[in-house]
Amino acid sequence: MLCQSNDELKALVTEAKTCTKNGKVADYIPALGKANPNDLSIAIHYPDGRCVSAGDIEKRITLQSISKVISLALVLMDRGSDYVFERVGMEPTGDPFNSIAKLETMAPGKPLNPMINAGALVVTHMIKGNTIEERFQRLLSFIQEMTNDSTISYCEEVARSEFETAHLNRALCYFLKQHNILDEDVEQLMDLYTKQCAIEMNCLDLARIGVVFAMDGVDPLSCKQIMPTDVARICKTFMVTCGMYNASGEFAIKIGIPSKSGVSGGIMGAVPGRFGIGIFGPALDEKGNSIAGIKLLELLSKNYSLSMF
Ligand code: DON
(Lines give C-alpha, C1' and ligand atoms only; values in the text may rest on other atoms or scores of the structure.)
Protein backbone atom coordinates (compact mmCIF):
# COMPACT_ATOMS: atom_id res chain seq x y z
CA MET A 1 0.00 0.00 0.00
CA LEU A 2 1.30 3.47 -0.89
CA CYS A 3 0.48 6.92 0.33
CA GLN A 4 -1.89 8.20 -2.37
CA SER A 5 -2.92 11.73 -1.51
CA ASN A 6 -1.72 15.04 -0.16
CA ASP A 7 -4.47 14.83 2.49
CA GLU A 8 -3.13 11.53 3.85
CA LEU A 9 0.30 13.13 4.21
CA LYS A 10 -1.13 16.31 5.68
CA ALA A 11 -2.68 14.36 8.57
CA LEU A 12 0.71 12.77 9.33
CA VAL A 13 2.47 16.15 9.18
CA THR A 14 -0.05 17.59 11.65
CA GLU A 15 0.57 14.69 14.04
CA ALA A 16 4.39 14.81 13.72
CA LYS A 17 4.48 18.59 14.07
CA THR A 18 3.64 18.37 17.75
CA CYS A 19 7.25 17.18 18.29
CA THR A 20 8.87 20.34 16.97
CA LYS A 21 8.55 22.00 20.39
CA ASN A 22 10.97 19.41 21.81
CA GLY A 23 13.69 20.23 19.27
CA LYS A 24 16.08 23.07 18.63
CA VAL A 25 17.28 24.73 15.44
CA ALA A 26 21.05 24.35 14.80
CA ASP A 27 22.87 27.60 15.40
CA TYR A 28 26.54 26.58 15.43
CA ILE A 29 26.36 27.72 11.80
CA PRO A 30 24.89 31.14 12.65
CA ALA A 31 22.83 31.54 9.45
CA LEU A 32 20.97 28.28 10.13
CA GLY A 33 19.71 29.77 13.40
CA LYS A 34 17.24 31.90 11.42
CA ALA A 35 15.08 28.88 10.47
CA ASN A 36 11.56 28.59 11.89
CA PRO A 37 11.52 25.61 14.31
CA ASN A 38 7.82 24.97 13.61
CA ASP A 39 8.28 24.28 9.90
CA LEU A 40 7.66 20.78 8.61
CA SER A 41 7.20 19.68 5.03
CA ILE A 42 7.44 16.44 3.08
CA ALA A 43 7.34 15.23 -0.50
CA ILE A 44 7.21 11.67 -1.80
CA HIS A 45 8.33 11.11 -5.39
CA TYR A 46 7.22 7.93 -7.15
CA PRO A 47 9.08 6.47 -10.12
CA ASP A 48 6.13 7.13 -12.43
CA GLY A 49 6.46 10.88 -11.77
CA ARG A 50 3.60 11.19 -9.29
CA CYS A 51 4.40 13.31 -6.28
CA VAL A 52 2.45 13.70 -3.04
CA SER A 53 3.38 16.41 -0.58
CA ALA A 54 2.33 18.38 2.48
CA GLY A 55 3.48 21.41 4.45
CA ASP A 56 5.29 24.45 3.16
CA ILE A 57 6.89 22.58 0.26
CA GLU A 58 8.25 25.63 -1.55
CA LYS A 59 10.66 26.46 1.28
CA ARG A 60 14.25 25.81 0.32
CA ILE A 61 16.83 24.36 2.66
CA THR A 62 20.55 23.82 2.44
CA LEU A 63 21.60 20.19 2.14
CA GLN A 64 24.31 20.25 4.82
CA SER A 65 25.21 16.60 5.54
CA ILE A 66 22.76 15.27 2.96
CA SER A 67 25.32 16.51 0.44
CA LYS A 68 27.78 13.94 1.82
CA VAL A 69 26.00 11.03 0.18
CA ILE A 70 25.88 12.86 -3.16
CA SER A 71 29.55 13.87 -3.10
CA LEU A 72 30.35 10.25 -2.21
CA ALA A 73 28.45 9.04 -5.30
CA LEU A 74 30.37 11.51 -7.50
CA VAL A 75 33.74 10.57 -6.03
CA LEU A 76 33.04 6.83 -6.39
CA MET A 77 32.36 7.53 -10.07
CA ASP A 78 35.45 9.76 -10.35
CA ARG A 79 37.94 7.49 -8.60
CA GLY A 80 36.50 3.99 -8.18
CA SER A 81 35.74 2.32 -4.87
CA ASP A 82 39.25 0.90 -4.22
CA TYR A 83 40.83 4.36 -4.32
CA VAL A 84 38.06 5.89 -2.17
CA PHE A 85 38.06 3.20 0.51
CA GLU A 86 41.82 3.30 0.87
CA ARG A 87 41.28 6.82 2.21
CA VAL A 88 37.99 6.56 4.10
CA GLY A 89 36.51 3.56 5.92
CA MET A 90 33.16 1.79 5.88
CA GLU A 91 32.33 1.45 9.57
CA PRO A 92 29.88 3.39 11.75
CA THR A 93 31.47 5.31 14.62
CA GLY A 94 28.79 5.61 17.28
CA ASP A 95 30.13 9.14 17.82
CA PRO A 96 28.62 12.55 16.98
CA PHE A 97 29.08 13.68 13.36
CA ASN A 98 31.77 16.24 14.19
CA SER A 99 33.81 14.13 16.60
CA ILE A 100 37.57 14.06 16.26
CA ALA A 101 38.08 11.31 18.87
CA LYS A 102 38.33 8.17 16.70
CA LEU A 103 40.68 9.79 14.19
CA GLU A 104 43.37 9.45 16.80
CA THR A 105 42.36 6.28 18.62
CA MET A 106 41.44 3.99 15.68
CA ALA A 107 43.46 4.24 12.44
CA PRO A 108 45.31 7.55 12.60
CA GLY A 109 44.31 9.77 9.75
CA LYS A 110 41.75 7.50 8.10
CA PRO A 111 38.20 8.55 8.97
CA LEU A 112 35.91 5.63 9.76
CA ASN A 113 33.21 6.48 7.20
CA PRO A 114 32.22 9.14 4.63
CA MET A 115 29.17 10.36 6.58
CA ILE A 116 31.00 11.87 9.56
CA ASN A 117 32.56 15.27 8.92
CA ALA A 118 36.14 13.96 8.83
CA GLY A 119 35.21 11.39 6.19
CA ALA A 120 33.13 13.84 4.19
CA LEU A 121 36.02 16.31 4.09
CA VAL A 122 38.23 13.57 2.60
CA VAL A 123 35.48 12.77 0.05
CA THR A 124 35.15 16.43 -0.97
CA HIS A 125 38.93 16.55 -1.28
CA MET A 126 38.67 13.70 -3.83
CA ILE A 127 36.21 15.50 -6.17
CA LYS A 128 38.07 15.84 -9.46
CA GLY A 129 38.72 19.18 -11.17
CA ASN A 130 41.47 21.73 -11.65
CA THR A 131 40.03 24.51 -9.51
CA ILE A 132 37.63 24.84 -6.58
CA GLU A 133 35.13 26.42 -8.95
CA GLU A 134 35.39 23.53 -11.43
CA ARG A 135 35.03 20.90 -8.69
CA PHE A 136 32.01 22.69 -7.24
CA GLN A 137 30.41 23.01 -10.68
CA ARG A 138 30.86 19.29 -11.30
CA LEU A 139 29.06 18.48 -8.04
CA LEU A 140 26.33 21.03 -8.78
CA SER A 141 25.81 19.69 -12.32
CA PHE A 142 25.47 16.18 -10.92
CA ILE A 143 22.76 17.43 -8.52
CA GLN A 144 21.07 19.41 -11.30
CA GLU A 145 20.99 16.24 -13.39
CA MET A 146 19.46 14.21 -10.57
CA THR A 147 16.78 16.82 -9.87
CA ASN A 148 16.35 17.72 -13.54
CA ASP A 149 16.58 21.34 -12.43
CA SER A 150 19.37 23.49 -13.82
CA THR A 151 18.49 26.41 -11.53
CA ILE A 152 19.67 24.66 -8.36
CA SER A 153 22.50 26.56 -6.72
CA TYR A 154 23.89 27.29 -3.27
CA CYS A 155 23.05 29.82 -0.55
CA GLU A 156 25.94 32.27 -0.27
CA GLU A 157 24.89 33.48 3.17
CA VAL A 158 24.92 29.98 4.68
CA ALA A 159 28.18 29.04 2.93
CA ARG A 160 29.87 32.21 4.22
CA SER A 161 28.46 31.78 7.71
CA GLU A 162 29.87 28.23 7.92
CA PHE A 163 33.18 29.23 6.32
CA GLU A 164 33.67 31.93 8.96
CA THR A 165 32.91 29.66 11.91
CA ALA A 166 34.03 26.12 10.93
CA HIS A 167 36.96 25.92 13.33
CA LEU A 168 36.34 22.29 14.27
CA ASN A 169 36.17 21.21 10.62
CA ARG A 170 39.43 23.08 10.01
CA ALA A 171 40.96 21.18 12.94
CA LEU A 172 39.82 17.88 11.35
CA CYS A 173 41.43 18.96 8.05
CA TYR A 174 44.76 19.80 9.69
CA PHE A 175 44.75 16.46 11.49
CA LEU A 176 44.08 14.68 8.18
CA LYS A 177 46.77 16.73 6.47
CA GLN A 178 49.30 15.77 9.12
CA HIS A 179 48.55 12.11 8.28
CA ASN A 180 48.88 12.70 4.52
CA ILE A 181 45.23 11.91 3.78
CA LEU A 182 44.73 15.47 2.53
CA ASP A 183 47.27 17.42 0.54
CA GLU A 184 45.41 20.54 -0.42
CA ASP A 185 45.17 23.97 1.11
CA VAL A 186 42.73 23.78 4.03
CA GLU A 187 41.10 27.14 3.27
CA GLN A 188 40.45 26.04 -0.31
CA LEU A 189 38.94 22.76 0.83
CA MET A 190 36.77 24.59 3.38
CA ASP A 191 35.59 26.92 0.61
CA LEU A 192 34.50 23.92 -1.50
CA TYR A 193 33.01 21.98 1.45
CA THR A 194 30.98 24.91 2.79
CA LYS A 195 29.57 25.63 -0.68
CA GLN A 196 28.72 21.93 -1.06
CA CYS A 197 26.86 21.95 2.28
CA ALA A 198 25.04 25.15 1.31
CA ILE A 199 23.51 23.78 -1.92
CA GLU A 200 19.83 24.49 -1.50
CA MET A 201 16.56 23.06 -2.75
CA ASN A 202 13.00 22.35 -1.64
CA CYS A 203 11.70 18.99 -0.40
CA LEU A 204 10.30 18.12 -3.85
CA ASP A 205 13.81 18.25 -5.33
CA LEU A 206 15.13 16.29 -2.36
CA ALA A 207 12.51 13.57 -2.95
CA ARG A 208 13.53 13.46 -6.60
CA ILE A 209 17.14 12.76 -5.58
CA GLY A 210 15.80 10.09 -3.22
CA VAL A 211 13.98 8.31 -6.04
CA VAL A 212 17.21 8.13 -8.10
CA PHE A 213 18.93 6.33 -5.21
CA ALA A 214 15.80 4.20 -4.64
CA MET A 215 15.79 3.10 -8.29
CA ASP A 216 19.45 2.01 -8.26
CA GLY A 217 20.85 5.15 -9.86
CA VAL A 218 18.32 5.44 -12.69
CA ASP A 219 16.24 8.57 -13.15
CA PRO A 220 12.89 6.82 -13.63
CA LEU A 221 11.47 9.67 -15.70
CA SER A 222 14.22 9.95 -18.30
CA CYS A 223 15.30 6.29 -17.81
CA LYS A 224 18.86 7.58 -17.74
CA GLN A 225 21.41 5.77 -15.55
CA ILE A 226 22.77 8.75 -13.60
CA MET A 227 25.12 6.68 -11.46
CA PRO A 228 26.10 3.02 -11.70
CA THR A 229 23.91 0.58 -9.75
CA ASP A 230 26.86 -0.32 -7.57
CA VAL A 231 27.46 3.30 -6.56
CA ALA A 232 23.77 3.72 -5.62
CA ARG A 233 23.98 0.48 -3.64
CA ILE A 234 27.07 1.62 -1.68
CA CYS A 235 25.44 5.00 -0.92
CA LYS A 236 22.19 3.41 0.28
CA THR A 237 24.15 1.04 2.49
CA PHE A 238 25.94 3.98 4.14
CA MET A 239 22.56 5.68 4.55
CA VAL A 240 21.42 2.65 6.57
CA THR A 241 24.57 2.22 8.66
CA CYS A 242 25.65 5.87 9.15
CA GLY A 243 23.04 8.16 7.52
CA MET A 244 21.48 9.30 10.79
CA TYR A 245 24.81 9.44 12.64
CA ASN A 246 24.87 7.86 16.07
CA ALA A 247 21.10 7.36 15.86
CA SER A 248 21.40 5.07 12.81
CA GLY A 249 20.85 1.81 14.73
CA GLU A 250 17.63 2.90 16.40
CA PHE A 251 16.48 4.50 13.14
CA ALA A 252 17.06 1.23 11.24
CA ILE A 253 15.06 -0.72 13.80
CA LYS A 254 12.17 1.72 14.13
CA ILE A 255 11.95 2.97 10.53
CA GLY A 256 14.09 0.84 8.21
CA ILE A 257 14.42 3.29 5.33
CA PRO A 258 17.87 4.25 3.95
CA SER A 259 18.01 7.94 4.90
CA LYS A 260 20.43 10.83 5.21
CA SER A 261 19.94 13.82 7.46
CA GLY A 262 21.48 17.27 7.69
CA VAL A 263 21.64 19.89 10.45
CA SER A 264 19.45 22.23 8.43
CA GLY A 265 16.65 19.77 9.29
CA GLY A 266 16.50 17.96 5.97
CA ILE A 267 16.15 14.21 5.53
CA MET A 268 16.43 12.45 2.18
CA GLY A 269 15.00 8.92 2.12
CA ALA A 270 15.19 6.22 -0.56
CA VAL A 271 12.75 3.34 -0.18
CA PRO A 272 14.48 0.71 -2.34
CA GLY A 273 12.65 0.06 -5.62
CA ARG A 274 9.66 2.14 -4.51
CA PHE A 275 10.08 5.91 -4.02
CA GLY A 276 12.09 8.86 -2.78
CA ILE A 277 11.28 11.06 0.23
CA GLY A 278 12.30 14.65 0.98
CA ILE A 279 11.61 16.15 4.41
CA PHE A 280 12.33 19.54 5.89
CA GLY A 281 11.86 20.19 9.61
CA PRO A 282 14.58 22.37 11.15
CA ALA A 283 13.98 21.62 14.85
CA LEU A 284 16.62 19.00 15.70
CA ASP A 285 17.02 16.37 18.39
CA GLU A 286 20.18 16.15 20.48
CA LYS A 287 21.95 14.06 17.82
CA GLY A 288 21.38 16.63 15.07
CA ASN A 289 18.50 14.92 13.24
CA SER A 290 15.14 16.56 12.45
CA ILE A 291 12.97 15.66 15.43
CA ALA A 292 9.61 15.94 13.64
CA GLY A 293 11.13 14.51 10.46
CA ILE A 294 12.01 11.33 12.30
CA LYS A 295 8.54 11.18 13.85
CA LEU A 296 7.02 11.63 10.40
CA LEU A 297 9.12 8.80 8.95
CA GLU A 298 8.15 6.62 11.89
CA LEU A 299 4.46 7.20 11.17
CA LEU A 300 4.94 6.62 7.43
CA SER A 301 6.96 3.46 7.94
CA LYS A 302 4.39 2.02 10.33
CA ASN A 303 1.29 3.03 8.33
CA TYR A 304 2.60 1.84 4.97
CA SER A 305 4.96 -0.99 6.05
CA LEU A 306 8.05 0.66 4.56
CA SER A 307 10.81 -1.00 6.55
CA MET A 308 13.19 -2.85 4.27
CA PHE A 309 14.01 -5.35 7.00
O1 DON B 1 30.12 20.33 8.58
C2 DON B 1 29.11 20.62 9.22
O3 DON B 1 29.13 20.65 10.45
C4 DON B 1 27.84 20.91 8.47
N5 DON B 1 28.10 21.62 7.26
C6 DON B 1 27.09 19.65 8.16
C7 DON B 1 26.83 18.80 9.39
C8 DON B 1 25.54 18.07 9.33
O9 DON B 1 24.64 18.36 8.58
C10 DON B 1 25.36 16.99 10.33
N11 DON B 1 24.00 16.54 10.31
N12 DON B 1 23.28 16.06 11.02
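User: Leaving aside neighbours within four places in sequence, with which residues is cysteine 235 in contact?

Analyst: The model is a predicted one. A contact here requires C-beta atoms, placed from the backbone, to lie within 7 Å. Once neighbours within four places in sequence are left aside, the contacts of cysteine 235 are Val69, Leu72, Ala73 and Phe213.

User: How many residues does the largest nonpolar core have?

Analyst: Cys235 is among the residues with the most contacts inside this core, as are Ile42, Ala73, Leu121, Val122 and Leu296. Helix 10 (residues 203-214) gives the most to the core, with nine residues. The size of the largest nonpolar core is 104 residues.

User: What radius of gyration does the chain have, and what would a compact globule have?

Analyst: Along its principal axes, the C-alpha trace spans about 55 × 40 × 35 Å. Of the 309 residues, 52% count as buried. For a compact globule with 309 residues the radius of gyration would be near 19 Å, and the chain agrees with this, having 18 Å.

User: Among contacts between residues at least 6 apart in sequence, what percentage join residues at least 24 apart?

Analyst: The chain holds 13 helices and 12 strands. Among its contacts between residues at least 6 apart in sequence, the share that joins residues at least 24 apart is 68%.

User: Why is strand 10 largely enclosed by the rest of the structure?

Analyst: Gly266, Met268 and Ala270 point one way from strand 10, while Ile267, Gly269 and Val271 point the other way, and all are buried. Strand 10 (residues 266-271) is largely enclosed because its buried residues number six of the six.

User: Over how many bridges does strand 10 pair with strand 9, and over how many with strand 11?

Analyst: Both pairings are antiparallel. Strand 9 (residues 259-261) pairs with strand 10 over three bridges, and strand 11 (residues 275-280) pairs with strand 10 over six bridges.

User: Which glycine takes a positive phi in each of the two hairpins?

Analyst: Four residues lie between strand 9 and strand 10, and the phi there is near 100°. Three residues lie between strand 10 and strand 11, where the phi is near 75°. The residues are glycine 265 in the hairpin of strands 9 and 10 and, in the hairpin of strands 10 and 11, glycine 273.

Methods
Residues numbered from 1 in each chain as written. Predicted model: local features only at pLDDT ≥ 70, side-chain atom pairs only at ≥ 80, totals over all residues. Buried ≥ 20, exposed ≤ 12 C-beta atoms within 10 Å, placed from the backbone. Pairing = 2+ DSSP bridges. Rg over C-alpha atoms; globule rule 2.2 N^0.38 Å. Contact = placed C-beta atoms within 7 Å. Core = buried A, V, L, I, M, F, W, Y, C linked by C-beta atoms within 7 Å.
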